Amino acid sequence: MSPAQTNAAWRASVLSGMPKSTLQRLCVIAGSLIAATTVSQPAHAQLGALTKWDTVARNIFKELIEINTSQSAGDSHQAALAMAARVKAAGFADSDVVVLKNADRKGNLIVRLRGRSTGKKPIMMLSHLDVVEAKAEDWTLPPFKFVEQDSTFYGRGVADDKDDGAMHLAIVMRLKAEGYVPDRDIIVALTADEEGGPANGVQWLIDNHRKLIDAEYVFNEGGGGRVRDGKKLSHDIQASEKKFQNFQLEVTNPGGHSSRPVRDNAITHLSDALVKVGNFDFPIHLNEITREYFKRSASITEGKIGEAMRAIVANPNDTKAAAILSEDPSYNSQLRTTCVATLLEGGHASNALPQRARANVNCRILPDESPEEIKKTLERVVANPKVVVTAQGNARNSPPSPLTRELMGEIERITKDMWPGVPVIPTMSTGATDGLMLRNAGIPVYGVSGFFYPETYAHGMNERIPARAFYEGMEFMYRLVKSLTGTRVPVS
Ligand SMILES: [Zn+2]
């Protein structure tokens, strides 16, 4: 993986898009590395004393991690109830703390910090309660115990996504304790089944309780700081996601005895089609987010790659720059829609001409291109009427969230205060989070956290984050939320 792929902004996209076997393999590799390194690390002193709110957040975080919320044995409803009790104990009215169960062992918590009535729509902080499976026998640490060791937090969900949940809850508790009255409501939602479970909380809330989560825009996972060799490289804001669409390519044929072959062969037609798709590059198409991504990334990227980034922004038809960037799979996926063959089946007997051959082609479509256009392009590229292209299900629409001056201005200002010299870079994920459903429902979503994490092994073994990065992220989000609800922090 390139460094760009290992940061938080990419974790959801890369991991959620990965087939399980690849993930497991990565986890095993990661696991053996960790097993070799964790034990021998020298003990570091805790960096800086904890503030009261750091401690509050840490306690919430610990409780969240220690409630198993995995699909197989977990209970996100229990986690929602436990968090609701904490929020109520912090002085929130019962009517502003709602727990909704959307299936057996699946729950959602929605907390509202009331603002003055200024006519402004609320803003929301979203995270998911559920976590990816974690087998104790695969870990060297207990996955459902919150372990702090060498200034690092370990446990399933510390990076994906209970860090966000604990941080969001601690922030509204802090605002409440300070007697802060925002100029609009601030909503915190912790929801079920983001990780592919059957009872997705966000979609269910949109369909059944839209009023509870209706917001001008939402902060979600998917963003964060990029770290390379221990140095903060960029502060990434996820503002867009590609669309996911599978197409089936199928050839049928009367078949016959393989001792009397004919040229008209289902497997041959399909193979030829797949080779054409494999050699085809969709046209380069930059949008507001990816243009800014390349423009700003150029300033932290040396050599010919940095030059190519600058050149493609100046002229998207620059074929030389496109060729250089396309060599890197992560840059390539930002430049264009991609389609790749992922499954293959064909034939029914070793001594028969195939009656059927079929492949799945998985496309990651740019937000402003349509699955219908992509289907037409595939048909044109294949150029064989015997190969029937069919869309499998419907890609959900996911319009990019606008980089408004208000929002970007505050993110940049606070980033500059906290981490001088670190550029803010908008990103487009190549996979999907719950942001997809909200964007599809017309609510802009931004992956923002202020967490500068090195490799976290999210979805893997001994998932971990540096404690200090968690507390810094919390300070960043506290300032951001306050600044966007009427009170600039700090005053500058
Ligand atoms: Zn997640």
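Me: Why is P142 called partly exposed?

Reply: P142 has 14 other C-beta atoms within 10 Å. A residue is buried if 20 or more other C-beta atoms lie within 10 Å of its own, exposed if 12 or fewer, and partly exposed in between, with C-beta atoms placed from the backbone. The count of 14 falls in between, so P142 is partly exposed. P142 sits in the loop between β3 (123-128) and β4 (147-149), and its C-alpha atom is 8.8 Å from that of R156, 14 residues apart along the chain. Helices (H or I, at least four residues) and strands (E, at least two) are DSSP runs, numbered from the N terminus.

Me: Before we go on, what kind of model is this?

Reply: This is a predicted model, where local features need pLDDT of at least 70, side-chain atom pairs count only at pLDDT 80 or more, and totals for chains, interfaces and linings use all residues. Residues are numbered from 1 along each chain as its sequence is written. The predictor's confidence in each residue is its pLDDT, from 0 to 100. For the protein chain the mean pLDDT is 90, and 90% of its residues reach 70 or more. Over residues 1-46, however, pLDDT stays under 50.

Me: Is D229 buried or exposed, and how do you know?

Reply: D229 has 7 other C-beta atoms within 10 Å, so by the cut-offs above D229 is exposed. D229 lies in the loop between β8 (224-228) and β9 (231-241).

Me: What makes β8 and β9 a pair?

Reply: Two strands pair if DSSP finds at least two bridges between them. Here 5 bridges join β8 to β9, so they pair, and they run antiparallel. G224 stands opposite D236 in β9. The two strands form a hairpin with 2 residues between them, and D229 is in the turn.

Me: Why is β8 called largely enclosed?

Reply: Of the 5 residues of β8, 4 are buried, so the rest of the structure largely encloses this strand.

Me: What makes the largest nonpolar core a core?

Reply: A nonpolar core is a set of buried Ala, Val, Leu, Ile, Met, Phe, Trp, Tyr and Cys residues joined through C-beta atoms within 7 Å. The largest one here has 121 residues, and M83, L169 and M474 are among those with the most contacts inside it. Helix α17 (residues 467-483) gives the most to this core, with 10 residues. Domain 1 (3-241 + 398-483) and domain 2 (243-392) both contribute residues, so the core lies between them; the domain bounds come from an automatic or database domain assignment.

Me: How do you know that α17 is largely enclosed?

Reply: In α17, 13 of the 17 residues are buried, so the rest of the structure largely encloses this helix.

Me: Which residues is L169 in contact with?

Reply: Leaving aside its neighbours within four places in sequence, L169 is in contact (C-beta atoms, placed from the backbone, within 7 Å) with I60, M83, R86, V87 and V188.

Note on methods:
Contact = placed C-beta atoms within 7 Å.
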